[in-house]
Amino acid sequence: MRDFQDYSLLKHNSFGVDARCHRFVEYSSTDELRALLPQLRGVRWMHIGAGCNLLFTGDYDGTILHSAIRGVEVLEDAPDGTVLVRAGAGEDWDGFVGYCVGAGLYGLENLSLIPGEVGASAVQNIGAYGSEVAQRIETVHTLCAATGEVRDFAREECRYGYRTSILKEELRGQYVVTHVTYRLSRHFVPDLGYAALAREVEARGLGAGLTAARLRELVIEVRRQKLPDPAETGSAGSFFMNPVVDEATYARLAAAYPGMPFYRVAGGVKIPAGWLIEQAGWKGRSLGRARVWHRQALVLVNTGGATGEEVRRLSEAVRDDVRGRFGIDLRCEVNIL
Ligand SMILES: Cc1cc2nc3c(=O)[nH]c(=O)nc-3n(C[C@H](O)[C@H](O)[C@H](O)COP(=O)(O)OP(=O)(O)OC[C@H]3O[C@@H](n4cnc5c(N)ncnc54)[C@H](O)[C@@H]3O)c2cc1C
């Protein structure tokens, strides 16, 4: 266990914001976590992963927990090719995906290179290129923060939706994820439902000979072209969620902007938030030391030394403009603290 007072979070958030917390504790087993929980009573606390979806707008006046529970274990290897694989919450997400592909365990390829850890994958319902981790989650293993008791959430209990879950919303802060079990397959069936990815596969002539390793490489290559590398440029990936509007709003906007991209989804019409932000003239624009990424307007970046408050101010300016121009209220994907 590692336990620090008055600790800098600079290396624990991908925006690269230099906020501090009162206490930072990193535990490496479920037993260590259980022993720690009574110390949190009456104290402000939160759990973080790698901090790739967090924006600290100031110092955190409390205790921050971080999991160093590692390890990957095959729980079941069924004759039909289904494999249940359990990973510790503190495992690096992309390292885990790479391990699975290398071990012939398929189903996570489209989620390659998403920054962060295994624990958060199940809280956030990470997704990319038409795939969501919820499709592959079997069980989320947790400890109840109030009692220290084990509680396993089956996938259906997690109420997964677009970048959300019961652990992110209704039960936020009440359970700590210790491990996640994924349902993977020994048979590789590429998920090419996302048109842009299918086009990339075709453009490279990969078609019939496509392997899981090649698909993973391709996803990594495409992501590197579009998204800032967290090691070089601070960001939290997509800052806003893509809004889903009703048919009447869609019809009004489509009449005013005939080239507007859209996707029909359950519950309405999804409009890419990046397109709205770009139309509002924000792509590549800065406010102080925070900037809208020049290759993808959905991403806000720290150009160097920005405070969390500067990034938040930029996000508010973008939201105000999009609301004024399109009448759409953008929701933040990033957890603002
Ligand atoms: C460059 C870049 C690209 C990105 N691209 C994508 C993308 O394509 N798709 C996508 O979905 N996301 C993307 N993201 C966002 C981010 O990678 C995900 O949200 C990821 O799951 C965050 O993981 P983390 O470990 O950093 O979690 P954190 O940001 O530290 O935490 C996220 C949430 O999970 C909770 N949490 C973390 N660990 C635990 C635990 N053990 N128990 C209970 N709660 C916990 C935290 O309290 C918080 O609410 C991107 C981010 C960056 C920087």
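These exercises walk through a predicted model.

**Exercise 1. Find out how the chain is divided into domains, and how far apart the centres of domain 2 and domain 3 lie.**

Step 1. Read the bounds. Domain 1 covers 2–67, domain 2 covers 72–226 and domain 3 covers 234–336.
Step 2. Take the C-alpha centres of domain 2 and domain 3. They are 26 Å apart.

**Exercise 2. Describe the shell around the ligand: how many residues surround the ligand, and which are the closest?**

Step 1. Count the shell. The ligand is surrounded by 35 residues.
Step 2. Pick out the closest. These are Gly 49, Gly 116, Gly 119, Ala 120 and Gly 237.
Step 3. Find the main contributor. Helix 3 gives the most, with 5 residues.
Step 4. Sort the shell by residue type. There are 18 nonpolar, 14 polar and 3 charged residues.

**Exercise 3. Work out which strands strand 12 pairs with, and in what sense.**

Step 1. Start with strand 7, residues 82–88. Strand 7 and strand 12 are antiparallel, with 7 bridges. Val 85 has Tyr 182 of strand 12 as its bridge partner.
Step 2. Turn to strand 10, residues 137–144. Strand 10 also runs antiparallel to strand 12, joined by 7 bridges.

**Exercise 4. Explain why strand 12 is described as largely enclosed.**

Methods. Residues are numbered from 1 along each chain as its sequence is written. This is a predicted model: local features need pLDDT of at least 70, side-chain atom pairs count only at pLDDT 80 or more; totals for chains, interfaces and linings use all residues. A residue is near a molecule or strand if its C-beta atom, placed from the backbone, lies within 6 Å of it. Helices (H or I, at least four residues) and strands (E, at least two) are DSSP runs, numbered from the N terminus. Ala, Val, Leu, Ile, Met, Phe, Trp, Tyr, Cys and Pro count as nonpolar, Asp, Glu, Lys and Arg as charged, and the others, Gly among them, as polar. A residue is buried if 20 or more other C-beta atoms lie within 10 Å of its own, exposed if 12 or fewer, and partly exposed in between; C-beta atoms are placed from the backbone. Two strands pair if DSSP finds at least two bridges between them. Domain bounds come from an automatic or database domain assignment.
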